[in-house]
Amino acid sequence: MSAHTDPGWSNGLGEVDDPVLSEVNRLWTIVQAFSNAAHTINNALQIAGGRAELIEMRESIDPDVRARVRAIRAQGERVAAVIEELLTYSRGDGSQSGPVDLVATVRTGLEMRSHPLSRARVAAELDDASDSVVWVQANRRGLLQLVLNLLVLAERCVAGQHQARVVLTVAAESGQSMLDMRCGPAAPTGEAVEGAADVMDAHRRVIRHLAAGVGADVEGLESGEAGLRVRVRLRPSAPPV
């Protein structure tokens with residue numbers, strides 16, 4: 001099999017059941033199809049954005065119309081940025097490490113999980129006390145995957161509770177870069193559905209594996225009565241040159 005067609009996850013798949021293999025393959029084929037779809041969407045967004053910019057430049061345009069066109073162009077740029085992050089996340093090479101802005105990565109993770117969190121009635125935000133930029137030494141895709149999985153874990157811990165809330169804080173202190181995630185209130189243990197504990201345990205294992213992959217230490221993955229508090233320590237980095 002050529003490097004172009006090798007999915008990269010084939011090692012050890014001979015030992016998994018056919019349904020699991022089919023599901024892994026389905027996810028892989030989605031990734032392959034997404035790349036082409038994303039480029040098509042980006043091309044359409046560039047055309048729409050360019051037309052909107054030309055309309056904005058007209059001196060005779062009504063100020064109210066100009067403001068609406070500007071808002072349309074801004075939303076198009078927002079969508080394009082999210083698609084670019086998804087493309088980065090879906091690309092196969094996850095081994096390269098370098099300076100990554102942890103704050104920007106958290107913002108991207110919140111954006112990518114905003115709809116399911118809203119649907120679950122979980123308010124999630126980046127704390128205003130966070131630093132504006134925190135550079136860490138990590139693999140960009142691996143770090144984003146870690147953040148996304150932390151948000152999924154938080155959602156599962158608090159979904160269905162009144163005023164469920166997730167707050168993330170990013171800071172650099174004492175020569176370390178920190179990501180602190182607090183969420184609550186925790187769902188009562190008696191309300192857990194059958195098999196939920198096994199799902200949560202598997203999810204924690206995934207998070208620990210992802211943290212190790214980006215050179216991070218993670219603590220506090222077990223939820224208590226007050227909720228869940230997770231702290232991730234990452235290696236600080238100088239800004240990219």
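Mentor: A disulfide is a pair of cysteine sulfur atoms within 2.5 Å, and the structure holds 0 of them. This is a predicted model, in which local features need pLDDT of at least 70 and side-chain atom pairs count only at pLDDT 80 or more, while totals for chains, interfaces and linings use all residues. Residues are numbered from 1 along each chain as its sequence is written, and side-chain values use heavy atoms, with hydrogens and water left out.

Take Cys157, whose sulfur has its closest cysteine sulfur in Cys183, at 5.4 Å, and this is too far for a bond. Seen from Cys183, the closest cysteine sulfur is the one in Cys157, again at 5.4 Å and too far for a bond. Cys157 is buried (under 20% relative accessible area; over 50% is exposed, in between is partly exposed, with a 1.4 Å probe and protein chains only), because its relative accessible area is 5%. Cys183 is buried as well, with a value of 6%. In the protein as a whole, buried residues make up 34% of the 241 residues.

From the cysteines we can turn to a helix pair. The protein has 6 helices and 7 strands, where helices (H or I, at least four residues) and strands (E, at least two) are DSSP runs numbered from the N terminus. Helix H3, residues 102–112, packs against helix H5, residues 140–158, at an angle of about 50 degrees, and their axes are 9 Å apart. That angle makes H3 oblique to H5. Where the two helices are in contact (heavy atoms within 4.5 Å), residues of H3 including Leu102, Val106, Leu110 and Met112 meet Leu143, Leu144, Val147, Leu148 and Leu151 of H5. The residues of this contact divide into 9 nonpolar, 3 polar and no charged.

Val232 lies in strand S7, which spans residues 228–234, and Val232 counts as buried at 1% relative accessibility. Leaving aside neighbours within four places in sequence, Val232 is in contact with Leu146, Leu150, Ser177, Met178, Leu179, Ala216, Asp217 and Val218. Gly220 stands 12 residues from Val232 in sequence, and their C-alpha atoms are 9.0 Å apart in space. Across the protein, among contacts between residues at least 6 apart in sequence, 72% join residues at least 24 apart.

Conventions: Axes fitted to C-alpha atoms, helices over the stretch in contact; angles between N-to-C directions. Parallel < 35°, antiparallel > 145°, perpendicular 65-115°, else oblique. Nonpolar A, V, L, I, M, F, W, Y, C, P; charged D, E, K, R; others polar.
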